[in-house]
Amino acid sequence: MIPRFPRRALPVLAAALAVALSAGCTGPSGAGGTGAGGDASRPPIADRVSATAAPALRALYDQRIDWTPCADDGNADPDEPAVQCATLKVPLDYADPGGETIDVALARMPAADPGHRIGSLLLNPGGPGNSGVGMVQWGWRNYEGPLHDRYDLVGFDPRGAGRTTPVSCLDDRTRDEWTSTDDPAYDHGRILADACRAKAARLLPYVGTRNTARDLDVLRGALGDRRLAFLGLSYGTYLGALYAEEFPDRTGRLVLDGAVERSTDLLHLNGEQAAATETEFRAFAADCAGAEDACPLGTDPAAAPQRLADFLDGLTDHPLRASGGRPLTATLGWNGALNVLYDGHRSWERLRTALEPAMTRGDADELLKLADAADGRDEEGHFETPADAYAAIHCADAPLAPTDADLRAALADLAVRAPLVGRHDTRATLLDPDCRPWPFRSAERPHTVKAPGSAPILVVGSTGDPVTPYPWAQRMAAGLEHGVLLTREGDGHTAYDKSGCVRSAVTAFLVDGKLPEAGTHCPSD
C-alpha cells in the first residue's frame, strides 16, 4: 500500500493481506498459464520472450525456479499445504543483461485444484517496498476459493525491498529519532539521502518501478506463463500499469485496486492525498462526538475535528509519556492516528479507544502502540520497515525538484484543502519522500499511462479512499486505452475486502474473463 509519509504512516499491511485477490490470463485453457503440469509443460521460450531479446536475457526468461518449502513457514500442521520459497535471477542493469544479476525473493502457494489450473497469479501489496513474499507466506488463506483453486499464488519482493537487495540505510537509533522528532530543523530528506548514499549508492540507479516491471516479466516467463496474471494493490497498481506500458502484448487479466497514477508530480499528488485524508479525519472526529458513548473529543461534531488536531499538534510542546518512559510526540501521535484511519470507518473504534486515555488521563500507551505499528517498530526498538525502499523507489519513479513558486502554490492549496492534517508539518506533507537531496536522478517523468495494445485492465477505486483518492482511479482507467473502472462507494483504502459486490465482480473477471459493465458502482459491506 502507498503510505502518505515514509517517516509518518506506513499503512497497516493486514488490510492489504486480507484484500488481495487477483488476475489471470486470457483463458482458462492455458492461454496465459501452463496447465496442471507446471514447469514440465511450460510453453517454449519463443512464446515467453521477444525474439529480439539478447541471448543472456532469453536465458534468464528460461531459467528453472527451484521451489522448496519456506524455512520460516511457521506451519505446525503437517496436513496443511506448505508455502514454497525460491529466488529468481534478474539483471541488475537491463542495459547489460549478461552482467551482474540479483536474486528476487519469491513465495508460492500452488493451486488447490491443479487439474483446472489456469496459471500463476502474481501479487504485489504496495508500499512501495512492502513484501509480496510475506503477502503469500502469511496471507494465502485469504485467497481460498475459486482464485486459489485455479491459480498458483505467487508473491515477490521488489528490488530494493524485503529480501531482494534491500535498501536499508538507517540504524535503529537513528530511525527512532527520524520517525519521532518534532524538531522543524531536522532534515529528514538529507539524513536519509546521505545514509543511503553511503550504504547503497551502487544499487540506487537500478531501483524503481520500471525495472521491477521488467523483473515481473522475467518472472512471468520463468513461471511458464505466456501472459501476466497480476493483482496490484495501491502502489502495486502503478507497477501493473507500467508493466502494461512496457509489455502490452504480455498482459492477461490485470486487476489494479486503489490506483496510484502518475500523470502529475508528487507535489500535486501528495496534496490530493492530504485532502482525501482530511475528509476521513473529519468524518471520524464528527462521528465520535455524535456517538452515544463518551468521546474524548466532546459532544459537538462540528468542533471535534479541530479539537483532535489541536491535541495532536499540542504534543509538540507537551509530549505525553508512555509507561516505559518514551515520549509521545506530535509526529508519533499523527502517525498513529492517520495510519489507523486509512482502513476507514471500521477502524474508528480502535482510534477512539487509543485517544480516550491519552486525552483524558495523559496515558500515551495505546496511541504510541498505533504509532509503532505504523512505523514498524517492535517493543525492543527494532524496526522492520520499508521506509528506505519507499524513498528509493519513489525518488526513482518521480524525482521531485519544485521551484519556490510551485511550493508556495502547493502550500496555499494545502492550507485550503487539508488545513488540519497538513498543519503539523506542511512541507513534509507535500515533499515526503523528499527527493531533492536524493543521490540518484532517473529519467522517469510524470505521464499518463496508455498501454495501447494491452488486454482489458480492471481498475478498482473507492469514493472515500483516504490513501489513494478516487480521482486517481478515474484518471488511471480513463488514461489506459483498455481500462475499465469499477467503483466502490465507501471509505477505507482498497476495495476488495470491503464489498461483496466488488469481490463478485473481480472473481468473475479473473476466473471467467467477464468484465463488469462500464460505470458499475458497488456498495460497501
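## The Cys288–Cys295 link

In this predicted model, the link of Cys288 and Cys295 is right-handed, with 115° about the S-S bond. The two sulfurs of this disulfide sit 2.0 Å apart.

How many disulfides does the model have? The count comes to five. Number the bonded cysteines along the chain and the pattern reads 1-2, 3-4, 5-6, 7-8, 9-10.

Cys70 and Cys85 make up one of these pairs, with an S to S distance of 2.0 Å. Their link is right-handed too, with 90° about the S-S bond. Cys70 lies in the loop between β1 (68–69) and β2 (84–91), while Cys85 is in strand β2 itself, so the bond ties together parts that are 15 residues apart in sequence. Cys70 and Cys85 are both buried.

Then there's the disulfide of Cys501 and Cys522, again with sulfur atoms 2.0 Å apart. Here the link is left-handed, at -55° about the S-S bond. Cys501 belongs to helix α18 and Cys522 to strand β12 (residues 521–523), so this pair ties together parts that are 21 residues apart in sequence.

## Where α9 meets α10

Now for a pair of helices. The axes of α9 (residues 266–290) and α10 (residues 304–314) come within 8 Å and cross at roughly 110°. How are the two helices oriented to each other? An angle from 65 to 115 degrees counts as roughly perpendicular, and α9 and α10 are therefore roughly perpendicular to each other.

On the α9 side, the contact is made by Phe281, Arg282, Phe284, Ala285, Ala286 and Ala289; on the α10 side, by Ala304, Pro305, Leu308, Ala309 and Leu312. Sort the residues of this contact by type and you get ten nonpolar, one charged and no polar.

## A look at Ala495

Where does Ala495 sit? You'll find it in the loop between β11 (483–491) and α18 (500–512). Ala495 counts as buried because its relative accessible area is 0%, and the cut-off for buried is under 20%.

Which residues does Ala495 touch, leaving aside those up to four places away in sequence? They are Asp257, Val460, Ser462, Arg488 and Val502. As for Phe311, it is 184 residues from Ala495 in sequence, and the two are 31 Å apart in space, C-alpha to C-alpha.

Methods:
Residues are numbered from 1 along each chain as its sequence is written. This is a predicted model: local features need pLDDT of at least 70, side-chain atom pairs count only at pLDDT 80 or more; totals for chains, interfaces and linings use all residues. Side-chain values use heavy atoms; hydrogens and water are left out. Helices (H or I, at least four residues) and strands (E, at least two) are DSSP runs, numbered from the N terminus. Buried means under 20% relative accessible area, exposed over 50%, partly exposed in between (1.4 Å probe, protein chains only). Contact means heavy atoms within 4.5 Å. Axes are lines fitted to C-alpha atoms, for helices over the stretch in contact, and angles run from 0 to 180 degrees between N-to-C directions. Angles under 35 degrees count as roughly parallel, over 145 as roughly antiparallel, 65 to 115 as roughly perpendicular and the rest as oblique. Ala, Val, Leu, Ile, Met, Phe, Trp, Tyr, Cys and Pro count as nonpolar, Asp, Glu, Lys and Arg as charged, and the others, Gly among them, as polar. A disulfide is a pair of cysteine sulfur atoms within 2.5 Å.
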